[in-house]
Amino acid sequence: MGKHDLSAKRVEKLSGQDADKVQKVTASKLELKAVRDLSSCSCLQRLDVSQNSIDSLDGVAPCATLLWLNASQNRLTDVQFTANLTSLTVLNISKNQLTALPRLSHLINLKALVASDNQLTSLPKLSKLTQLNTLVLSRNQLDEIPRLPASLTKLSAPSNQLTAIPNLRYCADLIELRLNSNSLTSVGDELLANKRLFVVDVGKNSISTLEDISSLTDLKSLRNFSLLGNKACSDPEYSDKLKKMLPQVRIFDGKKRTDLPHLTKTVGQPSNSEAAQESNVGDSGGRESCPADGSADASAAIAEHASEDSKKTKKIKKKKMAADDSQPLTESNGRHTAPASSISERASAAVQADDTQPASDGHPERDVDQRVPTQTPTARKRNKSKSDESPSQPPPQAELP
């Protein structure tokens, strides 16, 4: 064993714990070439050995408690080490040297499998992985994909050799489908059963006309669609025809529609979780700026409160000038002073800058210093008769709606 090996002893050094107590190990970018027997790591749940030069992970095989494994960017040629890892929920084996995968039906708890950037030419049956919701197969050499489990919600397989849409009729909960940069000639009726589809990317294929995707009109939940890079896009009226064909879509070819007066009033408005997916559309690079339900109104309300607060602050400023001459001018409640004129401006800016990140008590502007203004000699003399008054209270805080 040497400096290029990951052993139980090295795990202890990396984690600062006894091997049998370690739950998480991060060993990426350590120039590792091998993983030795980790059987003494009886509580290990999370292991990251990405970006090394590992060609075998047999030393991980005894770790039956492992839930999460990132072995991307190594030199793996097989994944036989997963035989006993039945607790795995996430497996990332992307950017290795895999040409095939063995049967994975024993991974009954697997929820996400990432096997992109390999040389896979075929896949085993995956229909028995009843917990699998995410499958990423980008940049391989697949010409077909076998039947997938009903639990699947995302399939990403761009840059392969697919000539037809995979059989997804049993994946009723499928939300995201990315098949760009393949050899598809049409969409046909293959997706009619996937009524929840929200994102579909079939760009850079061999689709000649818009009629080849006409079946998508029945997908009322579809909000993000890309056909860019197909022959069908050469039609001068392509954009207008596509918008008429798919009026429910908000993002075409990575660009937000500008012809809709108010996107939140479109037919079949998605839930908050779907709106989140629309704002993070992944491989296609498109991005929807339409806020989640209610956030636009919230931002307007916050700005209005900030404006009102600015006016109130100016009125309160006069009361602050009447503070006792003995009042420290360098501190107020433990904070340094600043001109009062900046308080309302900074409070308003703080609220409008990030209304989605409130302070821990729900008032963003409480993070802005409440300061006592510096008094001029004239003001001190004018207000000397009021020196017994208590210090003014800070300006009222704007409530988040």
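**Words and their cut-offs**

Guide: Start with Asn52, which is placed in the loop between strand S4 (46-48) and strand S5 (68-70). Helices (H or I, at least four residues) and strands (E, at least two) are DSSP runs, numbered from the N terminus. This is a predicted model: local features need pLDDT of at least 70, side-chain atom pairs count only at pLDDT 80 or more, and totals for chains, interfaces and linings use all residues. Residues are numbered from 1 along each chain as its sequence is written, and side-chain values use heavy atoms, with hydrogens and water left out.

Visitor: Why is Asn52 called buried?

Guide: Buried means under 20% relative accessible area, exposed over 50%, partly exposed in between (1.4 Å probe, protein chains only). Asn52 has 9% relative accessibility, so Asn52 counts as buried.

Visitor: What does the side chain of Asn52 reach?

Guide: The backbone oxygen of Ala27, at 3.0 Å. The backbone oxygen of Ser50 is also reached, at 3.1 Å. A polar contact is a pair of N or O atoms within 3.5 Å; within protein, one must be able to donate a hydrogen and the other to accept it, and residues adjacent in sequence count only if both atoms are side-chain atoms.

Visitor: Is Leu44 buried or exposed?

Guide: Leu44 has 1% relative accessibility, so the word is buried. Its place is in the loop between strand S3 (34-35) and S4.

Visitor: Which residues does Leu44 touch, beyond those up to four places away in sequence?

Guide: Among them are Val22, Val25, Cys63 and Leu66. Contact means heavy atoms within 4.5 Å. Leu44 and Val22 are 22 residues apart in sequence, but 5.7 Å apart in space, C-alpha to C-alpha.

Visitor: What makes Arg46 sit over the ring of Trp68?

Guide: The rule asks for NZ of Lys or CZ of Arg within 6 Å of the ring centre and within 35 degrees of the ring normal. The charged end of Arg46 is 3.7 Å from the centre of the Trp68 ring. Arg147 lies over the face of Tyr170, at 3.8 Å from the ring centre.

Visitor: Why do strand S2 (24-26) and strand S14 (255-256) stand at the edges?

Guide: The open sheet has 12 strands, with mixed pairing. Strands S2 and S14 each have a single partner strand, so one side of each is left without a neighbour in the sheet.

Visitor: How do you know that strand S12 (residues 224-226) and strand S13 (residues 251-252) are joined?

Guide: Two strands pair if DSSP finds at least two bridges between them. Here 2 bridges join S12 to S13, and the strands run parallel. Phe225 stands opposite Phe252 in S13.

Visitor: Which residues touch the most other members of the largest nonpolar core?

Guide: Phe225 and Leu227, in a core of 76 residues. Helix H1 (8-15) and helix H2 (238-245) are the elements that give two or more residues to this core. A nonpolar core is a set of buried Ala, Val, Leu, Ile, Met, Phe, Trp, Tyr and Cys residues joined through side-chain atoms within 4.5 Å.

Visitor: Why is Lys204 called exposed?

Guide: Lys204 has a relative accessible area of 56%, so Lys204 is exposed. Its phi is near 55°, a positive value in a residue other than glycine. Most residues other than glycine have a negative phi.

Visitor: What is Ser159 called?

Guide: Partly exposed, because its relative accessibility is 27%. Phi of Ser159 is near 55°, also a positive value.
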